[in-house]
Every structure is written in structure tokens, then in C-alpha cells.
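Dear colleague,

I am passing on a structure that you have not worked with before. Please open it first, and then read the notes below alongside it.

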Amino acid sequence: MIRSRQCLWLAMHLLSVLAGCSRSPDQSSPDQTSPESYSSPKETIANSIGMKLVLMPKGTCNMGSPIEEKGRNEDEQRHQVTISKDYFIGEMEVTQGQYERMMGENWSFFRGRRVKGESSNHPVENVSWKDAVEFCKRLSELPEEKTAGRIYRLPTNAEWEYACRAGSTTAYSIGASSKSLGDYAWCSENSGDATHPVGEKKPNAWGLYDMNGNVWEWCSDWYGAYPKNAVDDPVGPDVGSLHVVRGGCWENNFAFCRSAVRSKYLPASRIHLNGYGFRVALSSSGIPSSSEADK
């Protein structure tokens, strides 16, 4: 009897893995993903300017969306992606305060009289792709970061979606319906036509805040068509004219903040970018040992 139950459990486990995303930590049903379902310890590091980054475990994910997904766009070709190395990604979007500290300027629209209170903890916006890349470069060159061997960069498009989905296979990381998305994201339905301080909403199952809504987030990839076949560690086209942004923003409705949605924009322009920001990633070469990360 016990052996029969074990066989049944193994069969059900295999089917669940084949059906969706697989990863190292324990994973709950895709339709029931919640912050509480991330049962394994979340490994984090805090850098010299107070940014916290969360470890993303290597694994496999279905990027894009199925044909039947409500609100689906034509550029969301469903395909399997494998992330072969662990990496760290910012727990939150880069703030105006962090950006100004590194860059000596702040072009954000939502500050001063346009927000309630002080704006340093709002996500930085009105930044181009080149601005975001320069921020990563300057952060990497800080003495403390160089000593730690940390090389910051923008996440790839695949790394971003893998982190956003957090083990889910549904339209949203919280399930197939957007009914509860307002608890996790600032979108047109609840934003009041403005950004909000980072980290005010609930995090996704892997401990990341504002992955949907608040501001679009730049990725490293040039924009291009998705492949139809499975790929490992994709970095996008070799050349292009537009860079990928993900996650939707304060002026987009819930349907446009699905996990699969992507958009694109010119890499150098700041025109009409008050919905464009970013979060940083940390290459595997900059990952400390577990003992170092716990300090």
C-alpha cells in the first residue's frame, strides 16, 4: 500500500514539472502561487548603497503565453527557456535616491509637487536604456563592490520573466485572474496616475516587489521575435534598434501587466519615459558564498 502511494506521488510530481516551470526550491500548484509558497530560505545580499538583491535559483520556465490567454499579444510566442546559472536580481526597482547618489542627477517626472511627500523612495523614471547601463557600470566601480567582485548589469529578458513568474505558469504570478493583482501592483486601476514608493505592495513568491506595474523595467536584450524551440540562457538578437522593457507601469491596465507582456523603446531617448525605470541584476561571477551572503 505504501509503495503504491509512493508511485502515485512520483507520477503526480513528474506531471507537475512537465506542465510548467521547474526550479530548485519547492513549488506549489501554479494557480496557487503566493509569497508563502516560497518555502526554501531566500538568500539575499545587501550592497554598499543599501540595495538588496535576491538569489534566483537556476531552472526552466515557459516564457511567453498560450494562445488562449486573455489579452495576449502577437509577440508572446510560447517557448521553453532554461536559466543554467543562479543569479541575483534587485528586490525592488532602483529608486530616485539611489539613482541620484550614483549619477548626480534625477530626471524623474514624479517628484516635488507631483507626489505626496518626499520622492527619494519612488522608482526612478525618465531614464533611458543607456542611463540604466551607466548606472550599473558606476555601481560596479564603487570600491566596496569591486572588492566584493560584484558586476552589476540589467537582467536579460529571460531572467526578468523567470524572476517575475516565480515558478508560476499562469497569466499572473498570483494565478490566472487579475482579481487580486491590486495587492501586488500599481497599475491604472489603483495608481492614481502616478508612481508610488517601491515595496508598498506584496512581493511575488520569490520575494520581489513591483515586478508588475509602477514602472516598466529595462532589460539588456534588443527586441526581437521569440524562438519556437527551447533555448538556454537567451540574450536576444545580436543587433537591433529597440531594447526590451517589461512589467507594465502605473498607466497600464492589469491585462497589460501580465507576466508575458513586453514592450520596447529607443535606447538613448528620454522622451515620454515617465513610466520607464529598471532594476539591477548581478552576474553569477559576483555571487558570494552562502556564508558571505549571510553576513
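H243 lies in strand β10, which covers residues 243-246; strands here are DSSP runs of E with at least two residues, helices are runs of H or I with at least four residues, and both are numbered from the N terminus. Please bear in mind that this is a predicted model, in which local features need pLDDT of at least 70 and side-chain atom pairs count only at pLDDT 80 or more, while totals for chains, interfaces and linings use all residues. Residues are numbered from 1 along each chain as its sequence is written, and side-chain values use heavy atoms, with hydrogens and water left out.

With a relative accessible area of 1%, H243 counts as buried (under 20%, where exposed means over 50% and partly exposed lies in between, with a 1.4 Å probe and protein chains only). Its side chain reaches the backbone oxygen of D221 at 2.8 Å, and a polar atom of that side chain lies 3.2 Å from the backbone oxygen of S220. Among the residues that H243 touches, leaving aside those up to four places away in sequence, are W129, W218, W222 and Y265; contact means heavy atoms within 4.5 Å.

The second residue, N47, sits in the loop between β2 (44-46) and β3 (52-56), and N47 is also buried, at a relative accessible area of 7%. The N47 side chain reaches the backbone nitrogen of M51 at 2.9 Å and makes a polar contact with the side chain of Y152 at 3.4 Å. A polar contact is a pair of N or O atoms within 3.5 Å; within protein, one must be able to donate a hydrogen and the other to accept it, and residues adjacent in sequence count only if both atoms are side-chain atoms.

Four bridges join β3 to the antiparallel strand β6 (residues 87-90), and M56 stands opposite Y87 in β6.

As for the whole protein, the secondary structure comes to six helices and 13 strands, and buried residues make up 52% of the 295 residues.

Conventions
Pairing = 2+ DSSP bridges.
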